[in-house]
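Hello,

Here is the structure we talked about. Please open it alongside this email and follow the notes below.

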Protein chains: 2
Amino acid sequence: MPLEIPEVVIDRLPMYYRLISRIADQGRKVISSQELGDELDVTPAQIRKDLSYFGRFGKQGRGYSVQRLYDELRLILGLDRRWTVVVVGIGRLGRAVASYPGFEGQGFDIVARYDSDPNVIGTEVDGELVRDVAHLEQDLKISPVDIGIVTVPARYAQEVVDVLTRGGVQAILNYTPTRVQHPEAIELKNINPVLFLQSMTYHLSRSAKEQTE
Amino acid sequence: MPLEIPEVVIDRLPMYYRLISRIADQGRKVISSQELGDELDVTPAQIRKDLSYFGRFGKQGRGYSVQRLYDELRLILGLDRRWTVVVVGIGRLGRAVASYPGFEGQGFDIVARYDSDPNVIGTEVDGELVRDVAHLEQDLKISPVDIGIVTVPARYAQEVVDVLTRGGVQAILNYTPTRVQHPEAIELKNINPVLFLQSMTYHLSRSAKEQTE
């Protein structure tokens with residue numbers, strides 16, 4: 001396996017994985033890059049190029065073996081094992097994220113929930129006690145966790161990321177609008193709805209301009 | 001401007017825009033593709049290629065004019081005007097999304113909030129009345145809205161997308177884990193935390209394997 005795979009390619013792999021899971025569920029045995037591309041609005045050439053980073057999955061002109069592609073993507077993405085997750089910030093957003101139905105089936109176990117509000121600490125959310133964020137670092141040192149999800153108010157984002165980092169988490173998903181500093185060895189992704197909207201207004205703006213031309 | 005710009009490039013433009021806004025705020029006049037790349041973990045060649053789709057912003061060896069890049073990205077992304085947004089589903093997630101602080105400053109005005117729960121309809125959220133989703137289609141026909149954000153429980157996602165589509169919205173941001181059908185002319189993006197986690201576990205899995213080798 002080559003060492004440097006472009007980040008944009010890695011970001012597309014979960015999409016491929018999700019699609020191929022669905023196709024496997026339908027009982028299909030073989031699928032072409034054309035069909036995969038049609039489903040994902042990606043050119044077949046792009047799909048062949050992306051998948052070629054990880055070895056040879058298909059034979060020229062014969063399509064990909066669905067089962068083999070599924071197994072390999074699962075392995076590549078590290079979904080052949082389970083990952084532990086803590087959610088920090090059990091306000092409205094944190095509650096919604098923690099109860100997202102997709103985690104468990106995909107190998108992600110939410111093992112703890114933290115907040116700083118005395119009215120929330122010690123209450124039950126989704127049948128689990130909310131713990132005091134003041135204990136987060138020590139808890140993580142005793143029971144290491146793989147991933148932290150940050151759903152605190154923006155002004156606390158950096159502080160929580162620092163605690164998670166010192167506590168040894170390896171990856172952080174930041175829901176706050178704050179751009180946080182983090183060590184290079186820690187994976188960090190930001191979820192920002194504004195960025196999603198902006199990539200759509202490009203299209204809206206273009207079609208509006210075409211209509212008035 | 002060429003007609004077909006790859007979707008992955010468009011998806012990166014909001015990142016460029018955000019970075020260049022910050023650089024402009026710092027009072028910088030010129031910036032190199034190397035510096036932009038360092039900030040975003042993207043190669044300078046990739047940045048030059050991405051921006052070249054939209055015309056010539058910089059001179060070889062001199063870097064980009066920050067103001068010009070800012071103005072052009074703003075125009076390209078359609079951020080030179082304001083966009084109206086409805087949020088459908090005022091549960092925990094919808095409330096968090098609707099109060100996200102980044103919208104207004106970036107040209108997105110949340111003009112209405114809808115729910116189907118009789119206990120929520122008519123109450124105030126962020127100082128605005130929550131309306132009955134049963135009136136959504138008719139309301140949209142009377143007062144058209146550009147963008148819909150879908151934060152309803154998964155089982156209602158398709159129904160809400162259909163209503164938004166019939167009501168004439170042009171773009172939809174789907175927070176539910178459901179993959180919805182929609183007309184090709186409508187822009188639709190899904191926010192799925194599992195996809196974000198999966199693109200990080202690729203890295204975690206690799207570093208774990210390297211450590212045991």
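In chain B, the axes of helix H1 (residues 7-25) and helix H4 (residues 66-76) come within 9 Å and cross at roughly 140 degrees. The crossing of H1(B) and H4(B) is left-handed. On the H1(B) side, the residues in contact include Leu13(B), Tyr16(B) and Ile20(B); on the H4(B) side they include Leu69(B), Tyr70(B) and Leu73(B). The residues of this contact between H1(B) and H4(B) divide into 11 nonpolar, 2 polar and 1 charged.

Please keep in mind that this is a predicted model. The predictor gives the complex an ipTM of 0.80 and a pTM of 0.74. For chain A, the mean pLDDT is 87, with 93% of the residues at 70 or more. Confidence in chain A is lowest in strand E2 (residues 58-59), at a mean of 62, and highest in helix H7 (residues 136-142), at 98.

Chain A also has an open sheet of 7 strands with mixed pairing, in the order E6-E7-E5-E4-E8-E9-E10. Its edge strands, E6 (124-125) and E10 (187-190) of chain A, each pair on one side only. Strands of a sheet pair through backbone hydrogen bonds, either parallel or antiparallel. How do strands E5 and E7 of chain A run, parallel or antiparallel? They run parallel, and 3 bridges join E5 (residues 108-115) to E7 (residues 128-132) in chain A. Within E7(A), Val130(A) is the residue that stands opposite Arg113(A).

Helix H8 (residues 157-166) of chain A lies across strands E4 (83-88), E8 (147-150) and E9 (171-174) of chain A, and runs at about 170 degrees to E8(A).

Regards

Note on methods: Residues numbered from 1 in each chain as written. Chains lettered and ligands numbered in written order. Predicted model: local features only at pLDDT ≥ 70, side-chain atom pairs only at ≥ 80, totals over all residues. pLDDT = per-residue confidence, 0-100. Helix = DSSP H or I, 4+ residues; strand = E, 2+ residues; numbered from the N terminus. Pairing = 2+ DSSP bridges. Contact = placed C-beta atoms within 7 Å. Axes fitted to C-alpha atoms, helices over the stretch in contact; angles between N-to-C directions. Left-handed = near helix turned anticlockwise from the far one by under 90°. Nonpolar A, V, L, I, M, F, W, Y, C, P; charged D, E, K, R; others polar.
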